[in-house]
Amino acid sequence: MLETIFRAKNFIALLDILIVAFFIYWLMVLVRGTRAEKMLWGLGVVIIAYFVSLRAELITFHWILSNFLGSIVIFVIVVFQQDIRRGLVQMGRPFITRETHTSQEVLDEVLTAVKRMSTNRTGGLIVFERIVDLAPMLDTGVEVDARASAGLILAIFDVGSPMHDGAVVIKGSRIFKAGCILPLSTRHFGVSMGTRHRAALGLAEETDAVAVVVSEETGEIALAVDYELHRAIKPEELLGALREVLPAEEPSKTTFWNLFPWKIRA
């Protein structure tokens, strides 16, 4: 009887450790490459110092750290609300049924327009909505509600168009809005980063949207997704990149393995 209880307690303790380790690893994956990553390492140092000061009986230092850790939750929520929102969206993505699906036809039309814009060095910013609804963020811009086509995209970003400086937002197979002003990223990239690139990255920092940028100066194509900006993408590579990050027209079924934030590639 005692042996059975002992084994049960060991199993529960092991399960407890595995659950904690899983969530710590998940948290590390979610914040990797974000501002919160450095903050978590700093918080780890503070926690170690807290226990060391307790062990060494450094009363004043321990009191300061104790009060700091007591209000750390509010501090983290206020300072890193964008990163927390992104992390929660990613964690809840496998359970969300609302997801905008992009057809192959729309991607082909966008690719045709982007190729022409890149060749002619016409600046542009095209946004694809995924799970997060972008409507609350789009206070500016003109509602279009038209089928996404290369001709319409090229007409919007023509230098003579009053909407060419803003972003085009695509929901599914339709252009939702044009001429939209997006939030700019506050990260420092030097003078090489234009306003369109900062706007694309700013949106990728706050939502799960995907943004394609065409540089007006160089014709370079860039892709902003999941807090990162991937530059110097070749036109023939863009379609594959979009296909990887955008949901297919027919939603895939949620499986157990969709709950994990990492992917194993063959």
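Tutor: We shall discuss the sheet, its hairpins, a helix, the nonpolar cores and one histidine.

Tutor: This is a predicted model, in which local features need pLDDT of at least 70 and side-chain atom pairs count only at pLDDT 80 or more, while totals for chains, interfaces and linings use all residues. Residues are numbered from 1 along each chain as its sequence is written, and side-chain values use heavy atoms, with hydrogens and water left out.

Student: In what order do the strands of the open sheet lie?

Tutor: Helices (H or I, at least four residues) and strands (E, at least two) are DSSP runs, numbered from the N terminus. Two strands pair if DSSP finds at least two bridges between them. Here seven strands form an open sheet in the order β2-β4-β3-β1-β5-β6-β7, with mixed pairing. Its edge strands, each pairing on one side only, are β2 (142–147) and β7 (228–230).

Student: How many bridges join β6 to β7, and how many residues lie between them in their hairpin?

Tutor: Three bridges join these antiparallel strands, and Leu223 stands opposite His230 in β7. The hairpin has two residues between the strands, and Asp226 takes a positive phi near 50°. β5 and β6 also pair in the antiparallel sense, over four bridges, with Val214 opposite Ile221 in β6. Their hairpin has six residues between the strands, and Gly219 in the turn has a positive phi of about 75°.

Student: Is β6 mostly covered or uncovered?

Tutor: A residue is buried under 20% relative accessible area, exposed over 50%, and partly exposed in between (1.4 Å probe, protein chains only). β6 is mostly covered, since five of its five residues are buried. Ile221, Leu223 and Val225 are buried on one side, and Ala222 and Ala224 on the other.

Student: Which residues of α9 are buried, and why do they share a side?

Tutor: An α-helix has 3.6 residues a turn, so residues three or four places apart point the same way. In α9 the buried residues are Leu238, Leu242 and Val245. They lie on the same side of α9 because they cover an arc of only 70° around the axis, the arc being that of the directions from the helix axis to the C-beta atoms. The face turned away from the buried side carries the exposed residues Glu236 and Glu244. The cover over the buried residues of α9 includes α6, β1, β5 and β6.

Student: Which residues touch the most other members of the largest nonpolar core?

Tutor: In soluble globular proteins, nonpolar side chains tend to be buried together. A nonpolar core is a set of buried Ala, Val, Leu, Ile, Met, Phe, Trp, Tyr and Cys residues joined through side-chain atoms within 4.5 Å. The largest here has 29 residues, of which Ile126, Phe128, Ile170, Val212 and Leu242 touch the most other members. α6 gives the most to this core, with seven residues.

Student: Is His62 buried or exposed, and what does it touch?

Tutor: His62 lies in helix α3 (residues 59–70) and is buried, with a relative accessible area of 17%. Contact means heavy atoms within 4.5 Å. Not counting residues up to four places away in sequence, His62 touches Tyr50, Ser53 and Leu54. The backbone oxygen of Tyr50 lies 3.4 Å from a polar atom of the His62 side chain.

Notes
A polar contact is a pair of N or O atoms within 3.5 Å; within protein, one must be able to donate a hydrogen and the other to accept it, and residues adjacent in sequence count only if both atoms are side-chain atoms.
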